[in-house]
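Work through the exercises below with the sequence and the model side by side. Try each task before reading its solution.

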Amino acid sequence: MEPSLASYLALSGILFTIGAVGVIVKRNAIGMFMCIELMLNAVNITFVGFSRFYNDSTGQLFVFMVMSVAAAEAAIGLGIIIAFFRNRVSVDVDDASLLKN
Amino acid sequence: MVSILFFLFAGLAIACSILMVYHKNPLYSAISLIGVFIALACIYVLLAAPFIAAVQVLVYAGAIMVLVIFVIMLLNLEEDKQLTRLRYLYLVGVFLGLALLVQTFFIYHAVIKTPNQKAEQEATAGLTLNIGRAMFTEYLLPVEIAGVLLLMAIVGAMILSRRGEQVKIEEFKRRED
């Protein structure tokens with residue numbers, strides 16, 4: 001027996017929940033970044049699942065788009081984290097609460 | 001058979017993601033995240049999407065995670081500190097998690113009741129041929145925009161991570177004179 005579309009959507013929802021809670025709970029900028037990647041991946045499962053069950057390539061194409069956005073986000077986000085670390089010697093987001101300097 | 005594999009990889013993905021959030025050390029979190037990505041690549045194979053599975057391993061588990069682990073080791077990060085200010089965020093996190101889980105349960109129930117959710121036996125959507133054809137005919141503009149976005153990301157990352165360039169240029173000019 002094949003798993004139904006609902007089980008893929010449930011997996012996606014559970015992973016998204018874990019990622020969202022992680023973004024709230026983590027104080028480390030890199031940890032938050034990884035949780036955001038997890039949320040993007042959770043959405044990708046939904047895309048691929050619908051693409052499989054409706055037999056349409058569009059969903060998988062948009063997964064490709066999400067991946068390129070995630071790659072751009074990784075480059076820019078880690079650049080920002082390094083620039084922030086250089087100024088504050090910390091990657092704690094609580095230290096990024098000032099709009100000065 | 002497919003069901004057993006699905007539950008195996010889904011369990012692996014969920015367990016690894018919980019470990020990722022739980023670990024205080026960012027390096028352990030990163031390694032757990034690689035486990036999530038590999039498990040998801042296996043699930044894409046189960047969904048008859050070999051191209052996406054390959055790209056998942058190459059881009060996510062390869063490129064992005066290498067970058068993340070590089071930065072973690074470069075900055076020599078220690079363990080995550082306990083929440084000192086904003087302690088109420090734990091409460092917010094619990095409520096958000098509960099709300100999202102309830103929504104997931106609701107969607108699961110709504111979808112499982114709808115008829116016509118059987119996958120067709122012949123899955124042609126995941127073939128690289130079909131994806132490539134769609135990519136370069138129907139969706140050419142989004143693909144081009146994604147290319148421009150990646151170029152912007154390259155330039156932005158270079159601008160963000162340079163340092164003391166002004167001084168270097170002046171030094172260079174002095175040396176030239």
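## Domains and ground rules

Chain B is divided into domain 1 (1-83) and domain 2 (114-177), with bounds from an automatic or database domain assignment. This is a predicted model: local features need pLDDT of at least 70, side-chain atom pairs count only at pLDDT 80 or more, and totals for chains, interfaces and linings use all residues. Residues are numbered from 1 along each chain as its sequence is written, while chains are lettered from A and ligands numbered from 1 in the order in which they are written.

## Exercise 1: the contact between chains

Task: Find how many residues chain A and chain B each give to their contact.

Solution.
- Step 1. Count residues in contact (C-beta atoms, placed from the backbone, within 7 Å). Chain A gives 66 residues and chain B gives 75 residues.
- Step 2. Look at the helices (DSSP runs of H or I, at least four residues, numbered from the N terminus). On the chain A side, α1 (5-25), α2 (29-54) and α3 (58-88) each supply at least two residues.
- Step 3. α3(A) has the largest share of that side, 23 residues.
- Step 4. Sort the chain A side by class: 41 nonpolar, 16 polar and nine charged. Here Ala, Val, Leu, Ile, Met, Phe, Trp, Tyr, Cys and Pro count as nonpolar, Asp, Glu, Lys and Arg as charged, and the others, Gly among them, as polar.

## Exercise 2: helix α3(A)

Task: Find what the buried residues of α3(A) pack against.

Solution.
- Step 1. α3(A) has 31 residues and reaches 44 Å from its first C-alpha to its last. That is close to the expected 45 Å, taken as 1.5 Å times one less than the number of residues.
- Step 2. Pick out buried residues (20 or more other C-beta atoms within 10 Å of their own, C-beta atoms being placed from the backbone). Among them are A:Phe64, A:Met67 and A:Leu78.
- Step 3. The buried residues of α3(A) pack against α2 of chain A, together with α3 (50-75), α5 (128-136) and α6 (140-160) of chain B.

## Exercise 3: A:Phe16

Task: Is A:Phe16 buried or exposed?

Solution.
- Step 1. Locate A:Phe16 in helix α1 of chain A.
- Step 2. A:Phe16 has 23 C-beta neighbours inside 10 Å, so it counts as buried.
- Step 3. Leave aside neighbours within four places in sequence: A:Phe16 is in contact with A:Met39, A:Ala42 and B:Leu100.

Methods. Contact = placed C-beta atoms within 7 Å. Buried ≥ 20, exposed ≤ 12 C-beta atoms within 10 Å, placed from the backbone.
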